[in-house]
Amino acid sequence: MRELLRYEFHKLFRARVLYVCAIVLVLLLVFFTGIDKLTELGLESLGVSMAENEADPASLELINMMGMGFGTNSGLVRMLTALTNMYLPIVFGAFIAVFVCSDYGNGIAKNILTKGYSREEMFFAKYITSLAVSICFSLLAFLIGFLTGTLFWNVGNGWSAKVILLLLLQLLTTTAFNAFYNFLASWLKKVPGTLILSIAIPVFLPMILTLVELFLSNGTNISMYWIGGCYVLASSINAAAADMALSAIISAAYLAVFTVLGWLLSKTREV
């Protein structure tokens, strides 16, 4: 298993998809931060101050509903919200789809099995390698979010041990996403199908859940029970203890379920 892991990490650093996804991740973060800054400047040119509207919840809610601003920004805020955009987990999924499934299409997986490794060992080698990348991508997102937020606004207030806890909770959510995408890869074993689902599910599932919430009209926030909702629950310095606990429980549940399902699929499906 150690040699297989060494082989996977060696192959990882030679994979173009790693660097392409990292560049896309950075560009997306800079782009969305820049859009928010331009929106804020546009509001100020119209005589609308976000600082003043902070004291008027009704005005701030209207501005947010119009997509014209998100309240006070800073390096701290952008760091904590770096992963809440639905497009960023897609980058994780795209990497896993290409890195994991490509071995099944080019025959490398069969060659690994002929060397005496089991399908379970091959699954967990990919799982661990992609997990390391997903965590590194998350740390990169935190860093870029902080740097761009500080550059465009300021460092921010409210730094405390709670910030570290919130970031750790988000990293737990990242491990859940990694388990989910590895499950998809183990199930489909083909790059196109896995890539399509890795993009479609994070984009459309939250929309569908939001529509269901509107249909129910009972205040139930079921979208928070999707993995991506866990990022949102742990994305504010003012997050309540109950929301943080819910984020941890849901992320851990997804992590356990999809890890087990991926492992079971790896045992039963032919390469």
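This is a predicted model: local features need pLDDT of at least 70, side-chain atom pairs count only at pLDDT 80 or more; totals for chains, interfaces and linings use all residues.
On the α6 side the contact is made by I90, G93, A94, A97, V98, C101 and S102, and on the α10 side by V191, T194, L195, S198, I199, P202 and V203. By class, this contact of α6 with α10 holds 10 nonpolar and 4 polar residues, with no charged ones.

Helix α10 also packs against α9 (residues 161–188), at an angle of about 145 degrees and with the axes 9 Å apart. This crossing, too, is right-handed. From α9, the residues F180, Y181, L184, A185, W187 and L188 meet G193, T194, L197, S198, I201 and P202 of α10. The contact of α9 with α10 has 9 nonpolar residues, 3 polar residues and no charged residues.

A further pair is α2 with α8 (residues 119–152), whose axes come within 10 Å and cross at roughly 30 degrees. Angles under 35 degrees count as roughly parallel, so α2 and α8 are roughly parallel to each other. Their crossing is right-handed. Helix α2 contributes L18, C21, A22, L25, V26, L29, V30, T33, G34 and K37 to the contact, while α8 contributes V133, F137, L140, A141, I144, T148 and F152. These residues divide into 13 nonpolar, 3 polar and 1 charged.

| Helix pair | Angle | Axes |
|---|---|---|
| α9 and α10 | about 145 degrees | 9 Å apart |
| α2 and α8 | roughly 30 degrees | within 10 Å |

The largest pocket holds about 930 Å³ of space. It is lined by 36 residues, and those closest to its centre are T81, T84, N85, M86 and V232. The elements that each give two or more residues to this lining are α2 (16–45), α5 (75–80), α6 (87–105), α10 (191–216) and α11 (227–233). Helix α2 supplies the largest share of the lining, 7 residues. By class, the lining of the largest pocket has 20 nonpolar, 14 polar and 2 charged residues.

Technical notes:
Residues are numbered from 1 along each chain as its sequence is written. Side-chain values use heavy atoms; hydrogens and water are left out. On a 1 Å grid over the protein atoms alone, a cavity is a set of points where a 1.4 Å probe fits but cannot get out, and a pocket is an open set with protein on both sides within 12 Å along at least five of seven lines; lining residues have an atom within 4 Å of a point. Grid points are joined across faces, edges and corners, and a volume is the space filled by probe spheres set on the points. Helices (H or I, at least four residues) and strands (E, at least two) are DSSP runs, numbered from the N terminus. Ala, Val, Leu, Ile, Met, Phe, Trp, Tyr, Cys and Pro count as nonpolar, Asp, Glu, Lys and Arg as charged, and the others, Gly among them, as polar. Axes are lines fitted to C-alpha atoms, for helices over the stretch in contact, and angles run from 0 to 180 degrees between N-to-C directions. Angles under 35 degrees count as roughly parallel, over 145 as roughly antiparallel, 65 to 115 as roughly perpendicular and the rest as oblique. A crossing is left-handed if the near helix is turned anticlockwise from the far one by less than a right angle, and right-handed if clockwise. Contact means heavy atoms within 4.5 Å.
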